[in-house]
Amino acid sequence: MTAIADAGEVPLALRLRRAERMRRMKALALVVPLLLFLLFTFLVPIAGMLWRSVDDWEVAQVLPRTVAALGAWDGRDLPGEDAYAALAADLRQAYAERTVAVAAKRLNYAVNGFRTLLMSTARAIRDVPEPGAARATLAAIDPAWERRETWAAIHGARGPVTDFYLLAALDLRRDADGAVIGAPADQSIYRSVFARTFGIGLGVTALCLLLGFPVAYLLATLPARTSNLLMIFVLLPFWTSLLVRTCAWIVLLQSQGLVNDALRWTGAIDDPLRLIYNRTGVFIAMTHVLLPFMILPLYSVMKAIPPAYMRAAASLGAPPAVAFVRVYLPQTVPGVGAGCLLVFILAIGYYITPALVGGAGDQMISYFIAFYTTETVNWGLASALGAVLLAATLLLAVVYGRLVHGPSTTGGLKT
Amino acid sequence: MSDHAPRTAGQRIARAVTVTAAALVLVFLMAPILAIMPLSFSSGSYLTYPLPGLSLRWYEDFLGSERWMRSLWNSMVIGVAATVLSMVLGTLAALGLAQWKSRLKPLVLAVVLSPMVVPVVITAVGVYFFFAPLGLTGNFAGLILAHTALATPFVVITVSATLQGFDTNLSRAAASLGAPPLLAFRRVTLPLIAPGMASGALFAFATSFDEVVVVLFMAGPEQRTLPREMFSGIRENISPTITAAAVLLTLFSVLLLATLEWLRRRSERLRGMDGR
């Protein structure tokens with residue numbers, strides 16, 4: 001009996017597995033076009049950006065002999081005569097090929113003034129130095145070539161990869177001995193930019209929670225007809241163009257704007273308040289834009305809290321305030337967590353709103369990424385700043401995924 | 001709703017405070033959109049109240065300006081193309097994901113939805129670096145591709161949501177009655193997920209239509225879109241023409257919102273969820 005049953009089951013199990021595999025292949029075939037598309041338009045571009053944050057090709061390409069000659073250099077003393085001769089040969093060739101500026105720009109990031117040093121040295125080397133006189137020739141052109149730091153900068157930029165830009169994005173650098181040290185105070189800006197970005201993000205998140213909580217509570221506890229009507233107040237701004245809302249805030253908050261006019265009319269102030277093109281404007285406009293992202297998750301969590309719990313608390317003798325704090329509030333925690341994380345994640349990536357309603361001191365990290373990409377064309381630094389922002393965002397997104405969907409995150413879709 | 005009706009004086013006060021606070025926040029949400037509307041009908045060229053008189057000159061200015069009209073046209077072209085592309089890719093992916101069971105699924109989903117999470121400036125910089133050597137900057141193709149990547153997650157989410165309540169027995173029944181897969185899809189699955197696809201399309205179009213960061217990096221002078229024109233307009237000095245554009249865009253949002261709400265109700269009715 002069992003033998004017959006076994007003989008019948010094996011092919012069936014096999015057939016089932018085969019059918020299951022077919023189904024899985026078919027399902028996968030439907031997802032593949034989108035995955036390939038995103039690979040080309042999203043994943044590879046971002047991987048490319050990340051690569052640029054560690055890519056260091058300029059010096060190795062323009063000064064290949066120098067980089068090779070410095071290969072055996074221990075970095076403790078000045079390099080030998082061969083390195084000087086290699087540099088002279090490289091610079092003569094690069095000058096003829098007009099590529100000196102490429103290496104000069106990269107080295108200038110590491111040591112201020114290197115651009116001038118390299119360009120003027122390249123211009124000054126007319127002839128091949130006498131054998132053994134390369135060091136003397138270069139030192140005569142510029143005494144900087146007698147300094148260890150100058151050579152350490154070239155050695156540090158030899159490539160093919162570098163941590164230079166990533167360190168720079170955190171206001172760090174390497175000294176001539178290769179140890180990580182803090183950047184000089186006058187060049188330390190990115191830590192404060194990151195602090196400002198996270199500070200504005202936290203402030204906006206707190207404001208959104210403060211303003212969003214009563215609205216979500218009201219919407220969740222009103223009769224459906226009324227709450228659906230009031231929901232328009234939340235959804236219409238949500239669907240209105242970001243530029244329209246930003247523009248509207250500028251019009252409202254300017255010194256001749258409606259808010260200042262109203263305040264003066266009531267006699268609360270005599271001179272117009274500065275409400276725009278500063279931190280106040282950034283907070284107001286960003287809170288307005290991000291508020292729906294707080295209200296909607298809060299609302300859906302509050303809507304699901306059974307009113308019976310509050311009734312039970314009341315019937316057990318809890319005063320309303322106690323029941324609210326001890327029974328209702330703890331149940332809103334998932335919504336509060338989701339809303340706060342969502343708003344914070346979106347806020348730290350903001351660019352357009354602070355650029356339009358903030359002052360020079362209110363620009364967030366995205367502004368600097370854009371600035372180094374399009375204005376000063378320091379793509380390595382732009383990419384490194386982007387890498388840090390991306391890392392922070394993805395970390396928070398993973399936390400958000402765990403919070404909203406449990407440990408096996410499925411993005412809200414049933415598996 | 002008697003569960004939340006206040007019973008004691010303390011509760012009444014708490015309720016009054018909540019209602020007042022919520023009302024103030026709702027006013028805060030709507031105020032800027034409402035405040036900008038009358039200014040667009042001003043006959044003067046300053047954006048201050050009181051209005052010197054009413055006129056439609058700023059609307060005439062907007063509709064008669066070649067620069068604004070071209071940007072509107074560009075936005076439409078890019079928006080429609082990105083919507084169509086993201087509809088095809090997103091709907092197929094949502095159908096596949098609904099049938100696919102695997103340990104890898106959360107990872108694939110994270111990848112598919114990631115364009116929503118990654119700060120748009122990072123996407124813009126990455127795409128700019130990658131597309132520039134391929135000749136995809138300063139033309140429509142590059143913008144459409146980048147906008148499609150940003151918009152597709154919304155289609156995947158909305159279509160997946162309609163598929164969640166989808167009874168797979170319906171397509172099985174169609175198949176057992178002899179319908180070939182494509183016919184069963186067209187006659188059974190498609191009508192049921194159509195509302196999800198439509199709201200996905202609206203989300204996708206709105207995403208592209210409102211996008212300005214990618215455009216800032218990638219568009220040449222020939223591809224300036226409406227948000228791009230508004231961005232430089234706001235940067236330089238806000239003329240009342242921008243407020244006219246803003247009002248028209250807001251009306252457009254109202255239309256989008258109304259359509260979405262209509263679709264949501266229709267979908268619930270179709271799937272027999274009316275009673276909820």
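Chain A is assigned three domains: domain 1 (1–42), domain 2 (60–159) and domain 3 (190–405). Such bounds come from an automatic or database domain assignment. The model is a predicted one, in which local features need pLDDT of at least 70, side-chain atom pairs count only at pLDDT 80 or more, and totals for chains, interfaces and linings use all residues. Residues are numbered from 1 along each chain as its sequence is written, chains are lettered from A and ligands numbered from 1 in the order in which they are written, and side-chain values use heavy atoms, with hydrogens and water left out. Taken over C-alpha atoms, the centres of domain 2 of chain A and domain 3 of chain A are 52 Å apart.

Now for the place where the chains meet. Here 85 residues of chain A touch 86 residues of chain B, contact being heavy atoms within 4.5 Å. The size of an interface is often given as the accessible area lost when the parts come together. Between chain A and chain B about 8100 Å² is buried, with 81% of it on carbon and sulfur atoms; buried area is the accessible area (1.4 Å probe) that two parts lose on being put together, summed over both. Helix α1 (residues 2–52) of chain A gives the largest share of the side of chain A that touches chain B, namely 20 residues. Helices here are DSSP runs (H or I, at least four residues), as are strands (E, at least two), numbered from the N terminus. Sorted by class, that side of chain A holds 59 nonpolar, 20 polar and six charged residues. In this sorting Ala, Val, Leu, Ile, Met, Phe, Trp, Tyr, Cys and Pro are nonpolar, Asp, Glu, Lys and Arg are charged, and the others, Gly among them, are polar. Zero salt bridges are counted between chain A and chain B, a salt bridge being a side-chain nitrogen of Lys or Arg within 4 Å of a carboxyl oxygen of Asp or Glu.

Chain B is assigned domain 1 (2–39) and domain 2 (61–270), and their C-alpha centres lie 34 Å apart. Four residues of domain 1 of chain B are in contact with four of domain 2 of chain B, burying about 360 Å², 85% of it from carbon and sulfur atoms. Ile36(B), Met37(B) and Leu39(B) account for 86% of what domain 1 of chain B buries there, more than any other three residues. On the domain 1 side of chain B, the touching residues are four nonpolar, with no polar and no charged ones.

Back to side chains. Over all chains there are 31 aromatic pairs, meaning rings of Phe, Tyr and Trp (its six-membered ring) with centres within 6.5 Å, where planes under 30 degrees apart count as stacked, over 60 as edge-to-face and the rest as tilted. Tyr84(A) and Trp151(A) form an edge-to-face pair, because their ring centres are 4.7 Å apart and their planes stand at 65 degrees. This pair joins distant parts of the chain, with Tyr84(A) in helix α4 (residues 81–97) of chain A and Trp151(A) in helix α8 (residues 148–156) of chain A, 67 residues apart.

Arg23(A) and Glu20(A) are about one helical turn apart, because three residues separate their positions in helix α1 of chain A.
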